[in-house]
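This report describes one protein chain for a reader who has not seen it before. It begins with a single residue and then widens to the whole chain.

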Amino acid sequence: GTIELEHLVQVAAFKDQLSSLSWWLVMFVFALTPAVCEEGLFRGFVLSSLHRYSAAWAIGLSAVLFGLMHVLTSNVLAVERFLPTTFMGILLAWIALRTGSIWPGVVLHALHNGFLLSASRFEEQLKQWHILVEEGEHLPPLWLAVGAVAFALGCAAIWLGTRGIPRVRYPLDEDHSDNSI
């Protein structure tokens, strides 16, 4: 990875500082606020601006920009963050185009951020359950299976729930072929 020991020490110190704050304040500042701001920027502005060319182009480019922003945000170049955040950007862009709203993506983004914060905040309790005991250890297979099923059901609900609902149209859409996804 590209993250050096010095940066890991800084992250550990920051984690200790966060543990002294109210849990609700941490969730608001580090889970909800970034979700609203990033979805407003990447799915509200960037995606809608690019969508006039094609849905696939809009999803792909906005997701890559989202991934790059997460690589370059801190004072360290964290290349290993590019693929996961780009994939998340693809999913969030698809949801925004499919539903015609950034708000379902805001909810998913905030839940994702909140889950990561929770795993960090409750690391000791997770270790007592033998979860995340060693670096690189994964969640129990049952948790992963439940997560995969919930993900699939969520995508199916969005897909089926938005059938027959007119897609979001942007100013140049009428000049191009059908860009539905």
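## A partly exposed glycine

G161 is partly exposed, with a relative accessibility of 48%; by this scale buried means under 20% relative accessible area, exposed over 50%, and partly exposed in between, using a 1.4 Å probe and protein chains only. The residue belongs to helix α7, which covers residues 141-161. Helices (H or I, at least four residues) and strands (E, at least two) are DSSP runs, numbered from the N terminus. Between G161 and T99 the C-alpha to C-alpha distance is 8.6 Å, although 62 residues separate them in sequence.

## Basis of the model

The model is predicted: local features need pLDDT of at least 70 and side-chain atom pairs count only at pLDDT 80 or more, while totals for chains, interfaces and linings use all residues. Residues are numbered from 1 along each chain as its sequence is written, and side-chain values use heavy atoms, with hydrogens and water left out.

## The chain as a whole

The chain holds seven helices and zero strands, giving the pattern α-α-α-α-α-α-α along the sequence. Of its 181 residues, 30% count as buried.

Contact means heavy atoms within 4.5 Å. Among contacts in the chain with a separation of 6 or more, 64% join residues 24 or more positions apart.

## Nonpolar cores

A nonpolar core is a set of buried Ala, Val, Leu, Ile, Met, Phe, Trp, Tyr and Cys residues joined through side-chain atoms within 4.5 Å. The largest one has nine residues: V46, L47, L50, A55, A58, I59, A93, A96 and L97. At least two of its residues come from each of α2 (23-50), α3 (55-72) and α4 (82-99). Another core, of six residues, lies apart from it and includes W23, V26, M27 and L117.

One member of the largest core, V46, is in contact with L41, S62 and L65 when neighbours within four places in sequence are left aside.

E39, in helix α2, is buried with a relative accessible area of 0%. Beyond its neighbours within four places in sequence, E39 is in contact with P34, G44, L92, I102, G105, V106 and H109. Its C-alpha atom is 9.1 Å from that of A96, 57 residues away along the chain.

H51 sits in the loop between α2 and α3 and is also buried, at 5% relative accessible area.

## Helices α4 and α5

α4 packs against α5 (residues 103-121) at an angle of about 155 degrees, and their axes are 8 Å apart. The two helices are therefore roughly antiparallel. Angles over 145 degrees count as roughly antiparallel, under 35 as roughly parallel, 65 to 115 as roughly perpendicular, and the rest as oblique. Axes are lines fitted to C-alpha atoms, for helices over the stretch in contact, and angles run from 0 to 180 degrees between N-to-C directions.

In this pairing, M88, L91, L92, I95 and T99 of α4 meet P104, G105, L108, H109 and H112 of α5.
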